[in-house]
Amino acid sequence: MLFLIFSCGVVEAHGVAEGDKGYIKEITGVHILPFIYLGAKHMITGYDHLLFLFGVIFFLYRLKHITTYVSLFALGHSTTMLAGVFFNIAISSYFIDAIIGLSVVYKALDNVGAFQRWFGVQPNTKLATLIFGFFHGFGLSTKILDYEISPDGLFPNLLAFNVGVEIGQLIALSMILIAMGFWRRTESFWRHAYTANVAMMGAGFVLMGYQLVGLVVMP
């Protein structure tokens with residue numbers, strides 16, 4: 001993930017492939033399977049979402065706990081993604097993506113216990129996951145609006161896109177959990193857990209800084 005972030009010429013976490021964008025602009029009516037595919041593709045290639053999910057499950061071991069947090073995140077981003085597009089809520093993608101970068105920084109700090117050490121309090125992690133899920137959803141909706149989807153068949157197409165996002169999230173989460181499962185069985189996990197979260201924090205700061213610069217310099 002870090003390699004992809006730092007090797008990209010332009011750090012665009014919610015980039016829309018030109019071929020996909022052109023296809024969606026041309027079609028009208030209900031197209032369930034294409035939008036499911038696009039939703040899954042968008043989530044799997046959305047490394048900001050994956051970094052946040054990676055942080056969320058980093059110290060979660062029980063399936064019920066993982067399910068709870070992932071469900072809260074899914075509820076958050078599904079709600080604002082659908083509402084943002086359906087009601088045409090236009091928000092600067094740079095501003096939203098900067099907050100998404102901040103969510104990665106927050107989760108890394110939470111994982112290393114920074115809030116307890118610095119302020120003597122532990123934020124409500126479930127509430128934070130839901131709230132940041134809302135912002136991640138707006139990140140999705142801002143790019144869907146860039147698709148300029150035809151109003152003909154908009155609602156079923158949006159639902160299909162959301163289903164695709166959830167499918168992509170499950171695929172990505174499964175891969176992360178498999179990798180984490182192997183890593184947790186090694187002696188190096190606890191030695192490198194702090195370093196991994198610091199690296200994740202650095203990636204979040206890079207994403208946030210890039211988007212803030214874009215917010216200032218781009219029209």
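Modeller: A polar contact is a pair of N or O atoms within 3.5 Å; within protein, one must be able to donate a hydrogen and the other to accept it, and residues adjacent in sequence count only if both atoms are side-chain atoms. This is a predicted model: local features need pLDDT of at least 70, side-chain atom pairs count only at pLDDT 80 or more, and totals for chains, interfaces and linings use all residues. Residues are numbered from 1 along each chain as its sequence is written, and side-chain values use heavy atoms, without hydrogens and water.

Biologist: Which backbone oxygen lies 3.0 Å from a polar atom of the side chain of Asn111?

Modeller: That of Gly55.

Biologist: Is Asn111 buried or exposed?

Modeller: Buried means under 20% relative accessible area, exposed over 50%, partly exposed in between (1.4 Å probe, protein chains only). Asn111 has 16%, so it is buried.

Biologist: Where is the place of Asn111?

Modeller: Helices are DSSP runs of H or I, at least four residues, and strands are runs of E, at least two, numbered from the N terminus. Asn111 belongs to helix 6, residues 93-111. The protein chain has 10 helices and zero strands.

Biologist: With which residues is Asn111 in contact, leaving aside neighbours within four places in sequence?

Modeller: Contact means heavy atoms within 4.5 Å. Asn111 touches Gly55, Phe58, Phe59, Asn197 and Met200 on that basis.

Biologist: What share of contacts with a separation of 6 or more joins residues 24 or more positions apart?

Modeller: In the protein chain, 86%. Of its 219 residues, 51% count as buried.
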